[in-house]
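This report describes a two-part reading of one model: how its chains are organised, and how they meet. The sequence and structure are shown first.

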Amino acid sequence: MYETSYHRAESVEEAAKKMGTAEGGKYVAGGQTLIPTMKQRLASPDALIDLRHIPDMKGISINGKDVRIGAATTHAEVASSADLDAVCPGIASLAGHIGDPHVRHMGTIGGSIANNDPAADYPAAMLALGAAIHTNKREIAAGDFFAGMFETALEEDEIITAVSFTAPEKCAYSKFPNPASRYAMAGVFVARTGDDVRVAVTGAGMDGVFRWEEAESALGSNFAASALEGLAVNEGEMLSDIHGSAEYRANLVKVMAMRAIAEAG
Amino acid sequence: MSKVEMTVNGRSVSGDVEDRTLLVHFLREHLGLTGTHVGCDTSQCGACVVHVDGKAVKSCTMLAAQAARAEVTTIEGLAAGGELHPVQAAFKEHHGLQCGFCTPGMIMAAVDMINRHSGKLDEKTVRAELEGNICRCTGYHNIVKAVLAATEQMGGAAKVAAE
């Protein structure tokens, strides 16, 4: 790891101020991607501004169907929230299958979304749930937030403070994890409220997370796994690497979508 | 360089370290607590697992500065009064190790999972919970056996204490 300097912020304002005065600074939340990346010298921020100790950015609040999750809430906290599991089981289950138990104790929802790894789980949930991403400057709809592989609508010094969404009537997430990394080879989040169905796919698309609109309209009139028979995502838009070909991933997307529909019920 | 202060195994410690120092290196090189191992150094193997504020984390994937002012427990902090912790005793009893390199992380992960599941664990859950700890010798069978035995013993002990 190249040299860096560490700065802990106690509030969102203090974090933004520290970023303003630091040269080459980067925010760190749980650090479960950033620290390994720095160890490999693929990232070399001169300053790290730690967001993990900001009380306003932590915790889950639920009011009826309205859910708000602080950006510094860990995957373990999301996975173990019985209240969240009761209104939106898909996101609790998703969080419980990120990485491993030790990673889940550190990694945060805000960090995952801000990084927008094309194989991360949370972006699929945000897109399928039609979540709002709250920052210290504005509110961004999930559909406008994810802008391709590792790209988001965030400005350099902007901080995600929370995400919010209205829990759907039914939802589920199904992923085929890479056996070594546990990142999604394909992960599909399905959310349904009435005849409004959203299907978001991570791990498979060349441009990162995306909505499978053809499946959404088929499921709107018939919410059953069989509704996807005869449909296929475009192989030309799928990732192809040593872990799996585009053709294989396209098939995985369909299988994971069918499993998620069956689980959502 | 920054001064980092934390509580390790109940003892207040401090050290002047470069900000880029990983928690595992602070523990091993500055405090001499070499029970915590560096295996893969890429967040995969779990040999470096310690508890920070009561939660299992990978100390190769955290800066010492991130753990400043926290309570850290390492494998050296488990045994009390010369008696092995029940999980350590169960690993010995059930031969839950061969070369022993992964063992400190396995035991710290096991203590954490037993705490989180309130002493109720079955084989499937133990195997799923061990996802972040890699052992290349045992095939996991005796590790799982040891964790289940320790769970029973600790649950039993808690019941006795509660009565």
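## A strand and its partners in chain A

In strand β11 of chain A, V197(A) is the bridge partner of R192(A). Strands, like helices, are DSSP runs numbered from the N terminus, with at least two residues of type E for a strand and at least four of type H or I for a helix. Two strands count as paired if DSSP finds at least two bridges between them. By that rule, strand β10 (residues 184–193) and β11(A) pair in the antiparallel sense over 7 bridges. The hairpin of β10(A) and β11(A) has 2 residues between the strands, and G194(A) there takes a positive phi near 60°.

β11(A) also runs antiparallel to strand β12 (residues 210–211) of chain A, to which 2 bridges join it. V201(A) has F210(A) as its bridge partner in β12(A). Of the 7 residues of β11(A) (residues 196–202), 5 are buried, where buried means under 20% relative accessible area, exposed over 50% and partly exposed in between, with a 1.4 Å probe and protein chains only.

## Basis of the model

The model is predicted: local features need pLDDT of at least 70 and side-chain atom pairs count only at pLDDT 80 or more, while totals for chains, interfaces and linings use all residues. Residues are numbered from 1 along each chain as its sequence is written, chains are lettered from A and ligands numbered from 1 in the order in which they are written, and side-chain values use heavy atoms, with hydrogens and water left out.

The predictor's confidence in each residue, pLDDT, runs from 0 to 100. Chain B averages a pLDDT of 94, and 95% of the residues score at least 70. Where pLDDT is low, the predicted coordinates should not be read in detail.

## Domains

Domain bounds come from an automatic or database domain assignment. For chain A the assignment gives domain 1 (5–50), domain 2 (55–166) and domain 3 (170–264). The centres of domain 1 and domain 3 of chain A, taken over C-alpha atoms, are separated by 34 Å.

Chain B is assigned domain 1 (2–77) and domain 2 (86–162), with 22 Å between their centres over C-alpha atoms. In this chain, 17 residues of domain 1 are in contact with 13 residues of domain 2. The area buried between these two domains of chain B is about 1,100 Å², of which carbon and sulfur atoms give 62%; buried area is the accessible area (1.4 Å probe) that two parts lose on being put together, summed over both. H37(B), H51(B) and I75(B) supply 41% of the area that domain 1 of chain B buries against domain 2, more than any other three residues. The count between the two domains of chain B is 0 salt bridges, a salt bridge being a side-chain nitrogen of Lys or Arg within 4 Å of a carboxyl oxygen of Asp or Glu.

## The interface of chains A and B

The contact between the chains takes 27 residues from chain B and 29 residues from chain A. About 2,300 Å² is buried between chain B and chain A, with carbon and sulfur atoms giving 53%. On the chain B side, R20(B), T61(B) and Q66(B) lose the most area to chain A, together 28% of what that side buries.

Across this interface the rule finds 4 salt bridges. One salt bridge joins the side chains of D41(B) and K39(A) at 2.7 Å, N to O. D41(B) is partly exposed, with a relative accessible area of 31%, whereas K39(A) counts as buried at 18% relative accessibility.

## Further salt bridges

Over all chains the count comes to 16 salt bridges. D100(A) and R182(A) meet through their side chains at 3.4 Å, N to O. This pair links distant parts of the chain, 82 residues apart: D100(A) is in the loop between α5 (89–95) and α6 (101–106), and R182(A) is in the loop between β9 (170–177) and β10.

Within chain B, R127(B) forms a salt bridge with E123(B), the closest N and O atoms being 2.9 Å apart. Both residues lie in helix α4 (residues 123–129) of chain B, 4 residues apart, about one turn of the helix. R127(B) is partly exposed at 35% relative accessibility, and E123(B) is partly exposed at 41%.

Technical notes:
Contact = heavy atoms within 4.5 Å.
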